[in-house]
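Please read the following points with the structure open beside you.

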Amino acid sequence: MLTLSPVLTVSYEVKSAFLLLSVLEFAVGILSNAFIFSVNFRDVVRRQPLSNCDLIVLSLSLTRLFLHGLLFLDAMQLIYFQRMKDPLSVTYEVIIMLWMITNQAGLWLTACLSLLYCFKIVRFSHSWLLRLSSWVSRKISRLLLGTIFFTGICTLPCSWDFFNRFHFTVTKMLFMTNNTERNLQTENLRFFHSFLFCSLVSILPLLCFLVSSGVLIVSLWQHMRTMKTQTRDSRDPSLEAHIKALKLLVSALCLYVVSFCAALLSVPLLMLWHNKIGVMVCVGIMAACPSGHAVILISGNAKLRRAVDSLLLRAACR
């Protein structure tokens with residue numbers, strides 16, 4: 001089994017650097033997602049119709065606001081309160097549980113966005129795919145409710161396991177007198193297995209990512225082959241739409257994979273190897289990925305780009 005040297009405490013300089021990084025990531029994530037939310041929510045207040053894409057982005061930005069708040073609380077708990085060889089505090093366990101639920105909801109919403117891009121851009125020839133594309137476009141609100149339902153279903157067994165494990169740990173810590181270290185190691189392994197099980201439910205929305213990206217790549221290849229046999233226009237709207245959607249999907253996929261690997265690695269670093277610096281690095285990566293995705297969403301959305309240009313123009317005029 002892979003083992004690392006335990007790092008139970010860190011220097012004041014490392015804590016200060018991690019605190020500064022956490023504050024910066026929190027500020028970028030909150031400001032970017034609050035901007036996305038405010039631009040789209042303003043249209044809701046003005047009773048202007050939102051497109052399907054804007055509705056998903058609005059919901060995604062709201063979940064990301066909660067996600068960044070939880071990650072910042074995670075960083076503060078790690079810096080000031082949680083000791084490496086102590087059992088996880090109730091506050092830390094609640095933060096981790098809420099993070100998993102919020103992250104799962106954000107992943108389902110991003111998968112819905114990828115499917116929407118796919119159905120909107122790709123020209124399907126099969127009748128059942130055309131009907132499915134039309135249904136997705138018309139029933140986007142039901143699709144969003146479905147993501148909430150699936151998130152609850154996927155995280156319900158994990159929540160039940162967390163609460164049962166916490167009750168069992170408290171009872172055990174009250175009455176046990178011997179083998180404290182061994183019992184604590186057993187509880188740490190149970191926590192890691194629970195976290196791993198909860199992470200496995202991310203496979204389905206991840207498959208939606210991969211399928212949507214694959215369909216877009218195939219459609220792009222077919223479109224480029226068709227364009228070679230026909231006229232060669234330097235500005236092809238369909239080609240630009242394919243490339244733009246692929247950039248958004250691939251960037252979101254890469255950021256999620258990096259964040260998922262960091263989250264998966266942080267648990268053994270925290271519970272088994274007791275390496276505080278490693279956990280700090282993982283938490284920093286987990287906070288940087290959703291912040292980067294918010295910036296990518298703003299740069300790839302014409303409505304949000306216009307809002308940014310308008311905001312910069314007002315700031316320049318003052």
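1. K303 has a relative accessible area of 18%, and because buried means under 20%, this lysine counts as buried. Please bear in mind that the model is predicted.

2. Which residue forms a salt bridge with K303 through N and O atoms 2.3 Å apart at their closest? The partner is D43. K303 belongs to helix α10 (residues 302-317) and D43 to helix α1 (residues 12-45), so the pair, 260 residues apart, links distant parts of the chain. D43 has 8% relative accessibility and therefore counts as buried.

3. K303 also forms a salt bridge with D54, where the closest N and O atoms are 3.5 Å apart. D54 is located in helix α2 (residues 52-80) and K303 in helix α10, so this pair ties together parts 249 residues apart in sequence. D54 and K303 are both buried.

4. How many salt bridges does a search of the whole structure find? The search finds two. D43, D54 and K303 are linked in a network of salt bridges.

5. Helices α6 (180-200) and α7 (203-229) each supply at least two of the patch residues. The most is given by α7, with four residues.

6. Is F197 buried, exposed or partly exposed? This residue, found in helix α6, counts as partly exposed because its relative accessibility is 43%.

Methods. Residues are numbered from 1 along each chain as its sequence is written. This is a predicted model: local features need pLDDT of at least 70, side-chain atom pairs count only at pLDDT 80 or more; totals for chains, interfaces and linings use all residues. Side-chain values use heavy atoms; hydrogens and water are left out. Buried means under 20% relative accessible area, exposed over 50%, partly exposed in between (1.4 Å probe, protein chains only). A salt bridge is a side-chain nitrogen of Lys or Arg within 4 Å of a carboxyl oxygen of Asp or Glu.
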